[in-house]
Amino acid sequence: MAQRKGLSILIPVDFSPDTEKWIKNAINIIQQNISKITFMYVLPLGMKELEDFTDEKSIKRAESIAKSKLVALSESFKINQYKIDIILATGDPASLIIDEANSGKYDLIAIGHRGYGYHEQFFIGSVTLKVLSASKIPVLVIRKERK
């Protein structure tokens with residue numbers, strides 16, 4: 001098995017304001033050691049609580065929009081020397097991110113400290129807390145800029 005020359009990083013995103021900015025901050029912290037970045041977005045539409053309120057057409061439309069955003073995000077980082085992949089999943093964001101992170105394919109997770117769910121600057125998002133608690137690999141939490 002060939003050894004990697006740098007880190008493989010999983011970066012879950014939620015497309016909240018400043019997403020690109022905090023990703024750039026994370027990359028700047030560890031850039032000399034990166035060989036691969038995987039951007040992951042999880043549509044929470046598969047969650048049991050929403051099942052009765054969504055239909056197949058709505059889910060397909062949401063997946064299409066999310067995939068377009070993921071592709072655009074990955075394109076904005078392709079000028080760098082590392083490989084970039086994307087993952088689009090549907091279900092519980094924290095569970096799916098943890099499962100992917102613990103798959104053995106990554107050396108590090110870089111995640112924003114909060115997303116759409118929190119308005120106060122001192123809260124850490126619930127997905128971030130769950131990832132911190134259950135990840136078997138190191139987690140770099142990047143604080144988003146204060147407004």
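Analyst: Ile 109 is buried, with a relative accessible area of 0%; buried here means under 20% relative accessible area, exposed means over 50%, and partly exposed is in between, with a 1.4 Å probe and protein chains only. The model is predicted, so local features need pLDDT of at least 70 and side-chain atom pairs count only at pLDDT 80 or more, whereas totals for chains, interfaces and linings use all residues. Residues are numbered from 1 along each chain as its sequence is written, and side-chain values use heavy atoms, with hydrogens and water left out.

Ile 109 belongs to strand β4. Helices (H or I, at least four residues) and strands (E, at least two) are DSSP runs, numbered from the N terminus. Leaving out residues up to four places away in sequence, Ile 109 touches Leu 10, Pro 12, Ala 101, Val 131, Ser 135, Ile 137, Pro 138, Val 139 and Leu 140, where contact means heavy atoms within 4.5 Å. With Pro 138, which is 29 residues away along the chain, Ile 109 has a C-alpha separation of 6.4 Å.

The wider setting is as follows. The protein has four helices and five strands, which follow the pattern β-α-β-α-β-α-β-α-β along the sequence. Of its 147 residues, 39% are buried. Among contacts between residues at least 6 apart in sequence, 77% join residues at least 24 apart.

In soluble globular proteins, nonpolar side chains tend to be buried together. A nonpolar core is a set of buried Ala, Val, Leu, Ile, Met, Phe, Trp, Tyr and Cys residues joined through side-chain atoms within 4.5 Å. The largest such core has 24 residues, of which Ile 11, Val 13, Ile 23, Ile 37 and Phe 39 touch the most other members. Two or more residues of this core come from each of β1 (7-12), α1 (19-30), β2 (34-43), α2 (56-76) and β4 (108-112). Another core lies apart from it, with twelve residues that include Met 40, Val 42, Ala 89 and Tyr 106.

Beyond four places in sequence, Ile 37 is in contact with Ile 9, Ile 11, Ile 27, Tyr 82, Lys 83, Ile 84 and Asp 85. Between Ile 37 and Leu 10, 27 residues apart in sequence, the C-alpha distance is 6.0 Å.

The aromatic residues come next. Rings of Phe, Tyr and Trp (its six-membered ring) pair if their centres lie within 6.5 Å; planes under 30 degrees apart count as stacked, over 60 as edge-to-face, and the rest as tilted. By this rule there are two aromatic pairs. In the pair of Phe 15 and Tyr 41, the ring centres are 5.0 Å apart and the planes stand at 45°, so the pair is tilted. Because Phe 15 lies in the loop between β1 and α1 and Tyr 41 in strand β2, this pair ties together parts that are 26 residues apart in sequence. Both Phe 15 and Tyr 41 are buried. Phe 39 and Phe 77 also form a tilted pair, because their ring centres are 5.6 Å apart and their planes are at 45°. Here the link is between strand β2, which holds Phe 39, and the loop between α2 and β3 (83-90), which holds Phe 77, 38 residues away. Phe 39 and Phe 77 are both buried.

Phe 15 has a relative accessible area of 16% and, although not a glycine, a positive phi of about 60°. Its C-alpha atom is 8.1 Å from that of Lys 69, 54 residues away along the chain. Asp 18, in the loop between β1 and α1, also has a positive phi, near 75°.

Helices α3 (residues 93-101) and α4 (residues 126-134) pack at about 35° with axes 9 Å apart; axes are lines fitted to C-alpha atoms, for helices over the stretch in contact, and angles run from 0 to 180 degrees between N-to-C directions.
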